[in-house]
Amino acid sequence: MNILIVDDQLSNRVMMKKMLSGNYHLSLVDNGADAIELVAQEEPDLVLMDVMMPGMNGIETTRAIREKFTKKWIPIVILSALADEESIVAGLNAGADDYITKPVNKIILLAKLATMQRSIAMQKKLLIANKQLKKYQQENEIEQAFTKDVFDRLIQNEGEQDQQVDSWVLPSKCFSGDLLSFKRISPERVYFIIADSTGHGLAAAVPTIIVNQVFQAMTEKHFLVSSIAKEINHRLRVDLPVGRFVALAIGMVDKHNKTIEIWNGGLPDIQLISDNSESLHNFKSKHVFSGVLGNNDFDDKTECWQWTEACELIAYTDGVTDVVDSVGNMAGMQFLLESLKEQANSKRIRQLKNKILAFMDSEQEQDDVSCLSIRCE
């Protein structure tokens with residue numbers, strides 16, 4: 001342990017050197033200004049500080065060290081002939097860690113130094129651990145950024161912009177367990193999928209890659225909604241570990257025939273809202289989560305509905321209704337419906353987004369939020 005001794009009296013410095021030189025590496029100065037300079041240069045492990053010194057006294061020097069050097073804790077022990085209560089309190093208030101009165105008792109001094117040395121050793125271990133943790137955090141951030149870039153490329157929506165489709169996704173973490181995608185196969189027909197994988201973060205995001213790859217490949221070849229649902233279920237059951245599954249809805253909107261076909265397994269009711277804000281129909285979940293059942297037990301039956309007036313299809317994950325405010329109140333279904341019906345068509349997702357962001361408590365961990373709208377006219 002490196003100790004800095006600060007005392008204007010040569011005899012005192014010599015005495016302290018004799019007491020400690022066999023056990024510690026010592027540096028000696030005779031004034032406060034030199035003490036501050038040496039602390040900056042050598043960063044000693046501990047300072048033994050005399051109080052009565054010309055110029056800058058020990059109290060002032062202690063206070064200056066505490067103000068200038070904050071990154072590392074350097075214990076300061078005041079050695080003083082002043083033993084009154086006021087002097088001791090002044091030294092401790094200035095930032096000293098201990099106060100020993102002169103004449104110094106060698107046994108007590110060595111015992112106190114040994115105690116502080118254990119604390120200093122613990123501090124050094126913590127500093128090393130913090131450096132390692134910071135390095136790990138930096139490496140992890142780089143890896144996460146790379147993984148996120150790869151992930152975004154894998155699930156990017158090939159449809160990009162579409163006048164008929166609007167959407168919003170708010171991940172709870174860097175990686176979202178929700179998937180929202182669509183694919184237009186003709187001017188009048190568009191497929192869509194919205195999915196919610198169990199869990200949060202990267203572990204929840206990985207299954208959505210599988211879902212999206214199947215969805216993109218099969219819609220490219222114009223497969224039936226029922227066939228897509230069955231293949232996604234098969235792939236998830238084969239590729240995911242036990243206990244992992246995905247709630248999802250797959251559908252197709254056909255403007256020529258004015259029909260909507262949907263397979264819903266575990267997602268909230270998909271809403272159809274007219275332009276005058278009336279609820280026209282709900283596509284309820286009629287199937288279990290995807291990835292749970294084997295092929296023989298899987299039900300690929302879809303629900304079809306034909307619209308007779310212009311309306312908007314609204315699909316969403318349960319993160320929309322499960323969002324909570326600062327006192328723990330959940331938004332709920334009524335909040336969702338009121339938000340959707342307050343706004344005219346083509347702006348409902350924007351309205352819902354604004355309502356959710358105003359309602360939710362950003363300090364609490366929330367579920368992934370995803371919502372999709374498709375104009376049907």
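Ala, Val, Leu, Ile, Met, Phe, Trp, Tyr, Cys and Pro count here as nonpolar, Asp, Glu, Lys and Arg as charged, and the others, Gly among them, as polar. The model is predicted, so to speak of local features pLDDT must be at least 70, side-chain atom pairs count only at pLDDT 80 or more, and totals for chains, interfaces and linings use all residues. Residues are numbered from 1 along each chain as its sequence is written, and side-chain values use heavy atoms, with hydrogens and water left out.

**View 1. The second largest pocket.** Its lining has five nonpolar, one polar and four charged residues. Among them you will find Glu43, Lys68, Phe69, Thr70 and Leu127. The pocket holds about 220 Å³ of space. (A pocket is an open set of points on a 1 Å grid over the protein atoms alone where a 1.4 Å probe fits, with protein on both sides within 12 Å along at least five of seven lines; lining residues have an atom within 4 Å of a point. Volume is the space filled by probe spheres set on the points, joined across faces, edges and corners.)

**View 2. An open sheet of five antiparallel strands, ordered β7-β8-β9-β10-β13.** Strands are DSSP E runs of at least two residues, helices H or I runs of at least four, numbered from the N terminus; two strands pair if DSSP finds at least two bridges between them. At the edges, β7 (178-186) and β13 (303-306) each pair on one side only.

**View 3. Where β10 meets β13.** Four bridges join β10 (residues 259-265) to its antiparallel partner β13. Ile262 stands opposite Glu303 in β13.
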